[in-house]
Every structure is written in C-alpha cells, then in structure tokens.
Amino acid sequence: MTEATTGTKTGARMDAAPRLPVDRLLDDPGTRIIVCCGAGGVGKTTTAAALGVRAAERGRKVVVLTIDPARRLAQSMGIDSLDNTPRRVKGVDGADGGELHAMMLDMKRTFDEIVEGHADAERAEAILANPFYQSLSAGFAGTQEYMAMEKLGQLRAREDWDLIVVDTPPSRSALDFLDAPKRLGSFLDGKFIRVLMAPAKVGGRAGMKFLNVGMSLMTGTLSKLMGASLLKDVQTFVAAMDTMFGGFRTRADATFRLLQAPGTAFLVVAAPEPDALREAAYFVERLAAEKMPLAGLVLNRVHVSGADQLSAERALAAAENLEEGGIVDQESGNAGLRDSAAEADATDAGAAESGADADVDEITAGLLRLHAERMQVIAREQRTRDRFTSMHPEVAVAEVAALPGDVHDLAGLRAIGERLAAGVPAGA
C-alpha cells in the first residue's frame, strides 16, 4: 500500500535526506554568495528574495540580484521599480544591524559599464554607437548569463555587502548558467574574432581584401546574407574592442573561480514535479563535476494536509458510504401512506429533516473526495521526491509548503523564509 492509503505522516518524508540548515547557512559570515538556480517557474525569485529578507533581519548586509523578467521581486519588496543600481528595501527589521538592497540586472547597461570602464572615452563612445555592438549587447546568446556574472563580480569587489543572493536567469538548460561566461569569453577571444581583427591591423585596401577572403573561406553564404554594411560594422566593432578582448576571458575565468570558492553556496530550487526534479538532478551532477559548492535543494510548492492520518482510500470509502446511505434514507423516509393529519405533519417534518441530512451528507462526501485527491497529490509528490533522494541521498533538502496565493509583500517573504528555515512544510 502507498502512503496515500496507509496515512503515513507527511513529515516522515524528510527522514530519507538530511535537512538543509538554512539559518546556519545565512548566519555563517563565511557565506558571501548564495546562488539560487534551477528550471524556470519553480520559485527561484521568491526563494532568493525570502532568503535576502531573512538574512537581513538576522543581521547580514544583503543585496539580492535578480534576472527575473516578471519583476515580481520589486513588487514584493515594496519598491516601485528595480534597475541596475542596488536600492535599499524599506520595512526590513534592521535591529540587528542588517540591511537589504535589491537590484535587477540590466543586461545592456552592464555591458556598457564594462566598455566604459575598460576603454578611453573616445573609444568607448565609438563602441557604444556601433550597430553590431548594440545588437550583441542586447541579444547575443549567453549575454544575459555572462552579464549576470559580470555584475556579481562587480558587487563582490565593492565589499558594501557581506552577502549577495543571486537569482539566476530562467534558462532552458542548467548548463546555460555555468557555460555562458566561458562561451561568451571564448567567442570574444576566439579565432573568429582574430580573423576579423586582422584587416584592422593590416589596414587599407589590403585589409579589406583580407577580410573578404577570410570571410569567404569561413562562411561564404553568411557573407552574402550579412552584406557589406554589416561586415563593416563588425570590422569597426572589432577594431575598437581590440584591447578589451583579453579582459573578457580574464573576467570569465575569475568569475568561474569565484563560483567555486568556499564562500559561495549553490541552492538548487525545484518543484515536486518530475521535469523540475530531473532538471535539479542534472544540475546537482553538473555542479559536482565542476567542483562547485552545493548547499542543498529547496523544494517549493509542496502540498500538505493537516488531516493526513486519513488516507485517500479511507476517505473515498467514507464518501461512497455516505452517498449510498443518503439514497436509502431518502427512499425510507418517503415510504408509506399516513391517514391522520398528525401523521402527515410528522411525515413532512421527517422528510425535511431527511432532506437536510442528505444535503449534509452530500457536502461531507464532496469534502472527503477533495481530501482524497489532495492525499493522492501528496503521495505522488512524495514518490517523485523519493526518486530524487534515492539518486542523491547526500543532498540536504528544505521543503516549502504550497501557499494559497502569490507572495506580494514582505510579510509573505518572511513566511517563506520561516518555512525555508523549518525545512519541512507547515502542518507536516
């Protein structure tokens, strides 16, 4: 029999995996960066914000960096809008000396800041105005992930905060977040770029001839599609960026080392659903392969019941008995003929009472069926989670109960933080 039929307590699920000590992680001064990662739509942004609020109210100076297109973080923290500059969050209890700041990554602005910080004013102006640069900075594959790591490096270097919480981009694959810094750095420091740089170094008509020959050898069809105008934009961009390409590779490598450092902790966020936990398992394995410090798994939106001693099987049986009994009672109450007025009145009263009882039975049976459905969902989630923990028994887990509505304020974030710290769903 399954847990749904035996009435096993929900809290027993935590026995299979160690509990994630969230407060200990937040309170440890050695923890400088927490990276929340995982599949899209599993609550990474809410988790990052809740961790930020809880850490700040426990005395840490925290900044939360989000890359969330829905901008829910600003709303929940009572800020009109978030941008590329950290903003102080009001309403956070700073009695223990903590502070909370929040910001949202502006991908293009971060790229612009890199250019402005590593080129003289004239060259920076030429780069920022270049059409190819504008396209690259706004939508090149991996740019968002790369710029998130650039911004993380900038925040860490400032030393204004003792804890940075990162809400990673919603990527289709867990590999995107880890690979993007290397991928963009390789692109900007690779053979393709060196070929494009050569004409600028040769100069004049010979340089343009070299460019045309090089592009023809590499991608003749692409050359026709791009056209001379775009090729000129690319050449101009490469010439202006010549001295900066090595810096991209250097910073990408430094960021990767920062992610591997002891002061960084990765939290894989998932929902108790097969696809989300498959993605989480893949991420856990990749983090281990890259020797990055995994703190544990946050399992969001876990369904619970305060009456889990009543199994789905027993609830369904009780509902069926009530429904069948109601039909018999109605037939019995209406049977027979009465001759006297007194007997007729008694019959009417009995029928009314029987009808009322039938209505109560119907409602009760409906509630029992709803409870059975909830217990079946709980059992299904438990089986899914057990498959994950059987594959990765060493991964610490914190479960967060599903809430009846969206989190839209600091009180809601505090509630999430309390559930994270408890490690098991409320009511379990």
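A residue is called buried when its relative accessible area is under 20%, exposed when that area is over 50%, and partly exposed in between (1.4 Å probe, protein chains only). The model described here is predicted, so local features need pLDDT of at least 70 and side-chain atom pairs count only at pLDDT 80 or more, while totals for chains, interfaces and linings use all residues. Residues are numbered from 1 along each chain as its sequence is written, and side-chain values rest on heavy atoms, with hydrogens and water left out.

As an overview, the protein chain contains 16 helices and 8 strands; these are DSSP runs numbered from the N terminus, with helices being H or I of at least four residues and strands E of at least two. Of its 428 residues, 46% count as buried. The chain exposes about 20,400 Å², of which carbon and sulfur atoms supply 53% (areas by the Shrake-Rupley method with a 1.4 Å probe; for residues, only the protein chains shown count as cover). Among contacts (heavy atoms within 4.5 Å) with a separation of 6 or more, 80% involve residues 24 or more positions apart.

Leaving aside residues up to four places away in sequence, Leu297 touches several partners, including Leu20, Val268, Phe388 and Val395.

One aromatic pair is present in the structure. Rings of Phe, Tyr and Trp (its six-membered ring) pair if their centres lie within 6.5 Å, with planes under 30 degrees apart counted as stacked, over 60 as edge-to-face and the rest as tilted. The rings of Phe111 and Tyr133 have centres 5.2 Å apart and planes at 75 degrees, so this pair is edge-to-face. Because Phe111 belongs to helix 5 (residues 107–118) and Tyr133 to helix 7 (residues 131–139), the pair ties together parts that are 22 residues apart in sequence. Phe111 is buried, at 0% relative accessibility, and Tyr133 is also buried at 0%.

Finally, what of the cysteines? The whole structure has 0 disulfides, a disulfide being a pair of cysteine sulfur atoms within 2.5 Å. The cysteine sulfur closest to that of Cys36 belongs to Cys37 and is 7.5 Å away, too far for a bond. Cys36 is buried, with a relative accessible area of 0%.
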